[in-house]
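User: I am new to reading protein models and would like to work through this one step by step. Could you take my questions in turn?

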Amino acid sequence: MSRNTNRQDVSTFTRRAILLAAGSTTLAACSPSLEGAGLDMTSTGSIRPKISVDPAVTNPAVMYASVTEGSFVLPAVPYEKIPREFRRQIVQDPTGEAPGTIVVDLKNHFLYLVQPGGDALRYGVGIGKAGFEWSGRANIQYKKQWPTWKPPAEMIARKPELVKWANGQPGGIDNPLGARALYIFKDGQDTGYRIHGSPEWWTIGQNMSSGCVRMINQDVIDLYNRVPGKTTVVVG
């Protein structure tokens with residue numbers, strides 16, 4: 001075989017390789033991107049539809065801004081001081097409960113409100129100290145805005161200074177039940193436990209209260225507006 005023939009073969013091979021490479025680049029450029037396909041790549045590498053968008057779950061500066069209701073003015077919450085995981089957000093539902101159910105995860109200090117389609121609204125909560133926790137399946141019998149707080153007799157026995165509120169502390173900014181309260185009943189009987197707001201936003205994510213589930217005031221207002229009476233609640 002002559003040297004000229006060898007040169008022609010090499011040249012032909014080189015041109016073919018260039019054309020194939022160009023074709024591959026063109027195909028790659030025309031392939032649809034996952035980023036534009038409405039999919040969310042999770043940290044586990046699986047693919048799932050993106051979670052829903054809720055206008056009331058936007059950025060924390062909006063969610064935790066000051067709230068005025070009549071003569072009551074809730075101050076803005078310094079959300080930068082609250083760990084990100086305890087701020088209101090939409091997540092994939094980990095509970096398996098029916099939409100509309102409230103689930104309180106005592107271990108992780110989360111409250112979930114299950115949504116249709118596999119999502120849940122998640123809020124950070126503070127829970128009872130050791131010896132004061134309650135768990136079980138019950139329901140929200142009723143709910144109140146700016147509720148009156150009445151300390152139980154055993155609490156007054158521990159803290160005699162609370163006797164002044166034996167007949168109830170009127171609703172207000174400094175009320176321990178905060179801006180809203182959801183009352184937990186089981187089998188028609190009051191458990192004595194509440195899901196309620198608190199002015200002490202710094203206690204969210206901790207075991208601080210005497211048994212009740214406490215929330216940031218702005219969060220409990222959001223939850224209150226989303227759930228009807230008789231809502232199922234699971235605490236555990």
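Analyst: The questions and answers below go through this predicted model, from the whole chain to single side chains.

User: How many helices and strands does the protein have, and what share of its residues is buried?

Analyst: The secondary structure consists of four helices together with 15 strands. A residue is called buried when its relative accessible area is under 20%. For the 236 residues of the protein, the share that counts as buried is 37%.

User: Which residue in β7 stands opposite isoleucine 102, and in what sense do the two strands pair?

Analyst: Strand β6, which spans residues 102–105, pairs with β7 over four bridges. The two strands form a hairpin with four residues between them, and histidine 109 in the turn has a positive phi of about 60 degrees. The sense of the pairing is antiparallel, and the residue opposite isoleucine 102 is leucine 113.

User: What is the bridge partner of phenylalanine 110 in β8?

Analyst: Strand β8, residues 119–124, runs antiparallel to β7 and is joined to it by five bridges. These two strands also form a hairpin with four residues between them, where glycine 117 takes a positive phi near 85 degrees. Within β8, the partner of phenylalanine 110 is glycine 124.

User: Why is the pair of tryptophan 201 and tryptophan 202 called edge-to-face?

Analyst: A search of the whole structure finds six aromatic pairs. In the pair of tryptophan 201 and tryptophan 202, the ring centres are 5.6 Å apart. Ring planes over 60 degrees apart count as edge-to-face, and this pair is edge-to-face because its planes stand at 85 degrees.

User: Which ring does the charged end of arginine 180 sit over, and at what distance from its centre?

Analyst: For a charge to sit over a ring, CZ of Arg has to be within 6 Å of the ring centre and within 35 degrees of the ring normal. Arginine 88 lies over the face of tyrosine 64 in this way, at 5.7 Å from the ring centre. For arginine 180, the ring is that of tyrosine 224, and the distance from its centre is 5.1 Å.

Note on methods: Residues numbered from 1 in each chain as written. Predicted model: local features only at pLDDT ≥ 70, side-chain atom pairs only at ≥ 80, totals over all residues. Heavy atoms only, no water. Buried < 20%, exposed > 50% of the residue type's maximum accessible area, 1.4 Å probe, protein only. Pairing = 2+ DSSP bridges. Phe/Tyr/Trp six-rings, centres within 6.5 Å; stacked < 30°, edge-to-face > 60°.
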